[in-house]
Amino acid sequence: MLFESTRQTSPAATVEEAIAAGLAPDGGLYVPQELPVLDIVRFDGVQTLPDVATRLLAPFFDGSTLAPALGAICSEAFDFPVPVVPFDDSTDVLELFHGPTAAFKDVGARFLAACMSRLPRADGRELTVLVATSGDTGAAVAAAFHGRPGLRVVILYPDGRVSARQAHQLGCFGGNVHALRVAGRFDDCQRMAKAALGDAWLNSQVPLTSANSISLGRLLPQMTYYAQASLTHWRATGMRINLVIPTGNLGNALAALWARAMGLPIGDVRLACNANRTLPDFFAGGAYRPREAVATLANAMDVGAPSNFERLMSLSHGRVEEARLAGFAEAVDDTEIADVIGRHAARYLFCPHTATAMKIRERMAQAGDRRRWTIVATAHPAKFDTVVEPLAARVVPVPHALAAMLERPSHAEPMAAEDAALREWLLQPSMASTASVLRTRPILGKMDSTAN
């Protein structure tokens, strides 16, 4: 299988080349030239996430140097559960936060790291994995790549626009992981990363790749939990699973749309956005208009220019009306997020992002939709304690893996929101400023760390 750029002016690439590059030379995102279509019977007798993933992803890796190791890669990456738990008579919750950094990003990051560590580099030079994060991606990538030889991780995050625990996670690794706190928004971080990845001369001096959802190696594995959940639902009910997915940069939702296009039993897909209305306005019939992101309680979704929109249009063959038929997006404001968290706290603790999905589910029920829906829980509420605990009126137990990270010291370096500033830092990493490094003490203290 070959992969092409969404902008269609770069040569086609193998899966190894697409994963290693992250971004296509023309600045586009890699997509398969044609999505394979799989019959559901292909998954007969296949139950576990690693086995479903191996079967689902095999066509993308067929004939590649990674193909013989695909089973081992999936077993290494997917070593934590992704359960579907009932919420009420018509709503289930797909919990994606049981990985090491308590967010769904662990799935894609661990798969990407397992692939990257197996890809040989002809010149033997260190490869820098560049990632822009609105909160959760950076920590997942840092955890997945930490300590892997020949790989360096550079994380860009918007200073003051992620939760305290998210920021602490980003800077607690050290070693081959560097955290840069950018004086701007997530969209600035994303622009800076794309500019660096698209700079051919810079890449000749400092080999770069991406670990954002623009990376094919992040997006492909995210299809796997939708495949497993849909197959389990199909076997139990004979019906397709309907999904409500919290959406920022569109990667997680696009993975569900790709899985559906491949033949998995997925029905309707709804996108739950926060007050950033780029996608809701588009799906409501307006022009696609990127804009500056606004800060919300669901900070990891504070995205005004979702990168994966290019892949959505590619899936829809460039036809706007077809893209709008792929799903439907609605906005949820902070007042509604807070209401959902507080109102359901006795039954289920939602993180602010998952709360947007729950609100969309409630709107559909109020409008008379009696179908069963599965909402996607993207992060553990303990990562957002300063938001969730006052609304829930109780302490949120901290998962063990997250507790261990919060007990480490953390540090991050300041960075101007300028492409040139990142370029200079990458070219002279040993000369990057250390005089004004932000250092924090462990922030967990004596909190309860008994949650799973």
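In β12, V244 finds its bridge partner in I375. This pairing, like everything shown here, comes from a predicted model.

**View 1. Strand β9 meets β12.** Strand β9 covers residues 241-246 and is joined to β12 by two bridges. The two strands run parallel.

**View 2. Strand β4 pairs with β12.** Here, five bridges link β12 to strand β4, residues 91-95. This pair of strands is also parallel. A handy landmark is T91, which sits opposite W373 of β12.

**View 3. Strand β12 is covered on both faces.** W373, I375 and A377 lie on one side of the strand, with T374 and V376 on the other, and all of these residues are buried. Because five of the five residues in β12 (residues 373-377) are buried, the strand is largely enclosed by the rest of the structure.

View 4. Now we move to the loop between β1 (3-5) and α1 (15-21), where T6 is located. T6 counts as buried because its relative accessibility is 18%, and the cut-off for buried is under 20%. Leaving aside residues up to four places away in sequence, T6 touches G28, L29, V31, E310, R311 and S314.

**View 5. A polar contact between T6 and E310.** One of the residues that T6 touches is E310. The side chains of T6 and E310 make a polar contact at 2.5 Å.

Note on methods
Residues are numbered from 1 along each chain as its sequence is written. This is a predicted model: local features need pLDDT of at least 70, side-chain atom pairs count only at pLDDT 80 or more; totals for chains, interfaces and linings use all residues. Side-chain values use heavy atoms; hydrogens and water are left out. Helices (H or I, at least four residues) and strands (E, at least two) are DSSP runs, numbered from the N terminus. Buried means under 20% relative accessible area, exposed over 50%, partly exposed in between (1.4 Å probe, protein chains only). A polar contact is a pair of N or O atoms within 3.5 Å; within protein, one must be able to donate a hydrogen and the other to accept it, and residues adjacent in sequence count only if both atoms are side-chain atoms. Contact means heavy atoms within 4.5 Å. Two strands pair if DSSP finds at least two bridges between them.
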